[in-house]
Structure formats: C-alpha cells, structure tokens
Amino acid sequence: MLGLMQDWPLLCHRIIDHAAEMHGNREVVSRSVEGPIHRTDYRTIRERSLKVAQRLDRMGVRVGDRIGTLAWNTWRHLEVWYGLLGVGAVYHTVNPRLFPDQIAYIVNHAEDRLMFTDLTFLPLVEKLAEHLPLLEKVIVLTDAANMPETGLANAVAYEDWLAEADGDFAWKTFDENTAAGMCYTSGTTGHPKGVVYSHRSNVLHSMAVNQPDMLGLSSRDIMMPVVPMFHANGWSIAFSAPMTGTTMVMPGAKMDGASIYELLDTEKVSVTAAVPTVWLMLLQFLDGSDHQLPHLERVIIGGAACPRAMTAAFQKKYDVDVLHAWGMTEMSPLGTICSLKPEYAGLEGDARLDIQEKQGHAPFSIEMKITDDYDIEQDWDGKTFGRLKVRGPAIAKAYFKGEGGEILDDAGYFDTGDVAHIDPYGYMQITDRAKDVIKSGGEWISTIDLENIAVGHPDVAEAAVIGVAHPKWDERPLLVVVAKDGCTPTRDGLIDYMQDKVAKWWLPNDVVVVDEIPHTATGKIQKTTLREQFKDYTFPDA
Ligand code: ADP
C-alpha cells in the first residue's frame, strides 16, 4: 500500500519561490565587487532569477547542461544559481584559488557551456580562454558602466544580458534526482574530482542542517556567509538561508578583518560562517582595537579544526558562541555541528572548551561509523579512533564520470579519509587526516591535537605539525609555527608550554619558526607542500 500524499519534487528553485512568497521583503545585502553596498530582497532576487532562467532557455540551455561560475558571494551569484537551477542546468562553482591549469582542467572536465564571472576573475578567464574550447559565452557579473575592455569575443555584461528578458517565464519541472550542482574537491593527489549534488540532496541537506541544534537559522537571523559559494557547496547557506527567510549579508571580494568587521557591525549580523583562517584575520584586527561584536550571537567555524584559543577568544572576549562544524565537499557539505546537548550544556570554562574542540554530532540523515584497518567497527567511547565513514541521502555515491571508481564500502558507507573517535553522546572528534597522522614507533600521533595546543601559546599565530622521518621511531612530529607580530616564540618555550598538555611521547622533537605556512585553495594548511619543504630536515637527535 502506498501513501496518499502529493507528488511534490524537492527542487531547489522552490526554495526561492518560498522565500519570495513568505519572506519577500527580507533583505539580501552585498558588498558589490565594484565597491558600493547593494541592497535587494528575496522577491526581487526571484524576479531576476526568472529572467536568468528565461535568458538561458532562450540560449538553448537544457536540463543537465553545466554552467560555470567564478564568483564571490553577491546577490548576482545567488540570482544566477537559482536561475540556472530553474531550467534544470547545473551550477558548477569553480574555486578561483586553484591553479590556472587545474581550473582549465575542471571547466573542460565538467564541459561547462557558459561561464559567469566576477570582474575580479575576468583576467583569469581571458588568460585561460584558448584552453576552454567548449565555452560559448562569458557573462561578466557587472553592468555596462563597469564593463571593462576585453579581448574576449564572446563576453557580455550581465545586466545587459539580463535586460533582454522580461521574466515572464515558468520554472521547468523535472525529477528531483536531477543534477543541480557540481563542486570539485581540491584533490591533494591526482586531478580534482567532481561531486554532483541533486535537487533532492540539496533540499534534504539544507533542511537537515538547518535544525535548531545545527545552523538553526530563522527569519530573525541576519546571516553572513563568509565561506564562498565556491567552497564546498557554500556550506548550503545559499539554500538554508532563503528557506527560512533569513536576511543574508554577502561579503563580496573582501574578507580581510576590517572589511568583515565593518559588515558585522553596520548590518548587525547575528550569525556568520567561515574557515578558521578568516576568523584569525578578524580576531587579529579586533585585537588591536577596542571594537566589540555586540550583534553577533554565533559563529560557525569549520573546514579545518577550530583551535581552542579561537573558541575561547570569541566566547570570552566578545561573548559570541562558537559552533564548531565538520564536513566535506562529498557531504553537501555539512556532517556535524558541535552544539551542546543537555549532557554538556551546563559546562563552563575549560570543560566547555574541551567539548567544543570536538566537531560535534550529526543531524538526522547522516549516519557515522568508525572502523579500524580491518574494517571492524570501533566503540563510541570517545577514545578509540579509526577511519570515519558516513552514509546518507546527501553524501556522494560516485564522482563525475566515474573518476576514482567505486567509493562506497559493502554497506554503502563513504570513507571520509578522516581519522576520528566518537563519544557515547555521539560527539565526533577528528584526530587527523588518514594521510597526515604521524606513525611513531607503531603508535599514532594526532597532528591536529598538537596544532591546537601550539596555537594556544601567546606568541604563536599559526601552527602546523608534520611527521618527519626518524631513524629510531619511523616518524616524529615537527612543529612549524608562525609568530604573532612582535613575538619571538622559541623551541624550549613551546615544548615547555605543551609539556603538561599531551602525553610525553607526543611532544614535537623540534620547533621551526617560519614567516608563512602554505595554504590550500580553501584556506587549509597545505601539509603536502610543508612536507616537501622539510623533506631534507633532520632532527637534532637523529
Ligand atoms: P577542500 O579541501 O577542497 O576544502 P573539503 O571542504 O571537502 O575540501 O575538505 C574536507 C576535509 O576538511 C574533511 O575531510 C576534513 O579533513 C577537513 N575538515 C573539515 N572541517 C573540519 C574540522 N572542523 N576539523 C578538522 N578537519 C576538518
């Protein structure tokens, strides 16, 4: 017997319909790439998205066609997403921070027909154009007044292109399993691989991660996604904010501390989200001022481990709650968020910070397990760590064009490549990437734990730990740090500081101070480059 409920496909563009109808006057505020602050609302975004859809339809864009975007978070990028979703095309967000030849590779691999680009990236597209034979048109997200001279024969200013449509158009409808978006993983080895979201997976994911214990957005919130839409499906915020009628503040191209602070303050942002590097810049900026964050209630920090010192600074100095989050491109991308269940809600001070170092618990629709090297499931005792595997309706089952082959185990779980433990209340804590973990004398040392401790030292701005070959122990930890302005951290000072915070055999064998630690295109510490940099290093005791 089947249920007798309506067939209402879970299509992404229904989200902007809902936002326009129920929260039509709620604002979307952007720092435009041209400079000035731009204000619009969900009703207008929907109207203009319909024009985008109409224009694309007229150009012959059909269900399943891929369309690239090289763009910051602005209202125009949002309109383009919803417009192309509404004709069944697939948004392919390209991370402009990748190497140019990687960009050419993924645009060709995805077979993008069109490219929407911000002014910032026009020179990049011009440079790559001869390597992008499939690209029919480049639409520059600006108006005629700001459109620069370009050597590209097929470039047009977005506002001119859009003006050719009247918006009298109806969204297409199709199966909810139709592809909606694509995002390539950075791929530290080999080529980047394409993750393909469906309309259904995006809608389900946005609902799952928007529950009160997760992002918990509401029509009373003012959300600033600093995390770019091109990073891991934009953490779903382009869907979960309109879905709940949350005001959006889009930071555009400027993510330095002063610019972020300015928007937090003038737009009275209540919740924001980004990787730790962004918050490092903000906290450093605030450090040298007497600014406070009176409007900000919570900050979602993920993409890399959130250092304890960062959580403490937000909470103690600025009275802003930190929600540590974990996820990955393959998971749409959010997997867990560290909100406090009753068992932990009463904790204060260090005990609270101990829990907040965990990446948190998963919402309904994400199943987790940890396994050892023989695929045996491990207990959730908060200590025993193993490979973290996940299953659910918004988790990849394969990569685009079958790259990487079979990626699920026999039970349908995806191996995240992370090493973690889970406590009895379901709080997961990442201890490392499987490929970064240090194997010392047959035992595993977590580089993330060591980094978190090292950045707690008052002289340290950033820290990275890598395994370096050691004649006796196979590998031992080398701590690489960047000093805070005007500070001179020393080896002995740091080891002394870490002494009572970890097991003795985990202590780094040496400390090196560098000017800069290399980062990936998504702002994470690039361990491969760092290992390469220190490949000839030998420990003083080796
Ligand atoms: P990219 O490297 O392109 O940013 P992802 O965003 O998919 O790709 O990266 C996902 C990985 O980032 C996770 O598998 C995990 O290793 C790491 N990660 C994400 N969030 C956290 C976190 N809160 N703590 C530790 N590691 C994290």
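Start by selecting Arg55 and everything around it: beyond residues up to four places away in sequence, Arg55 touches Trp161, Leu162, Glu164 and Ala165 (contact means heavy atoms within 4.5 Å). Now draw a distance between the side chains of Arg55 and Glu164, and you'll find a polar contact of 2.7 Å. That term covers a pair of N or O atoms within 3.5 Å; within protein, one must be able to donate a hydrogen and the other to accept it, and residues adjacent in sequence count only if both atoms are side-chain atoms. Arg55 sits in helix 2, residues 42–58. Helices here (H or I, at least four residues) and strands (E, at least two) are DSSP runs, numbered from the N terminus. Is Arg55 buried or exposed? It counts as buried because its relative accessibility is 8%; buried means under 20% relative accessible area, exposed over 50%, and partly exposed in between (1.4 Å probe, protein chains only).

Before moving on, a word on what you're looking at. This is a predicted model, where local features need pLDDT of at least 70 and side-chain atom pairs count only at pLDDT 80 or more, while totals for chains, interfaces and linings use all residues. Residues are numbered from 1 along each chain as its sequence is written, and side-chain values use heavy atoms, with hydrogens and water left out.

Next, zoom out and colour by domain: domain 1 is 13–323 and domain 2 is 438–533, with bounds from an automatic or database domain assignment. Their centres, taken over C-alpha atoms, are 34 Å apart. Domain 1 puts 16 residues into the contact and domain 2 puts in 11. Together the two domains bury about 1,100 Å², 61% of it on carbon and sulfur atoms; buried area is the accessible area (1.4 Å probe) that two parts lose on being put together, summed over both. How many residue pairs are in polar contact between domain 1 and domain 2? There is one, with both residues at pLDDT 80 or more. On the domain 1 side, select helix 10 (276–287) and helix 11 (308–318), the elements that give two or more residues to the face touching domain 2. Helix 10 gives the most, with three residues.

Stay with helix 10 and step into the loop between it and strand 13 (298–301), where Glu297 sits. Glu297 is partly exposed, at 45% relative accessible area. Leaving aside neighbours within four places in sequence, Glu297 is in contact with Asp221, Ser270, Val320 and Asp321. Glu297 and Asp221 are 76 residues apart in sequence, yet 9.4 Å apart C-alpha to C-alpha.

Pick Lys268, in the loop between helix 9 (257–266) and strand 12 (271–274): it has a positive phi of about 55 degrees although it is not a glycine. Then go to Pro333, in the loop between strand 14 (321–327) and strand 15 (334–337). The peptide bond from Ser332 to Pro333 is cis, with omega near 10 degrees.

Last stop: helix 14, residues 447–454. Seven of its eight residues are buried, so the helix is largely enclosed by the rest of the structure. Among the buried ones are Ile448, Leu450 and Glu451. At the start of helix 14, select Ser446: one of its side-chain oxygens comes to within 3.5 Å of the backbone nitrogen of Ile448.
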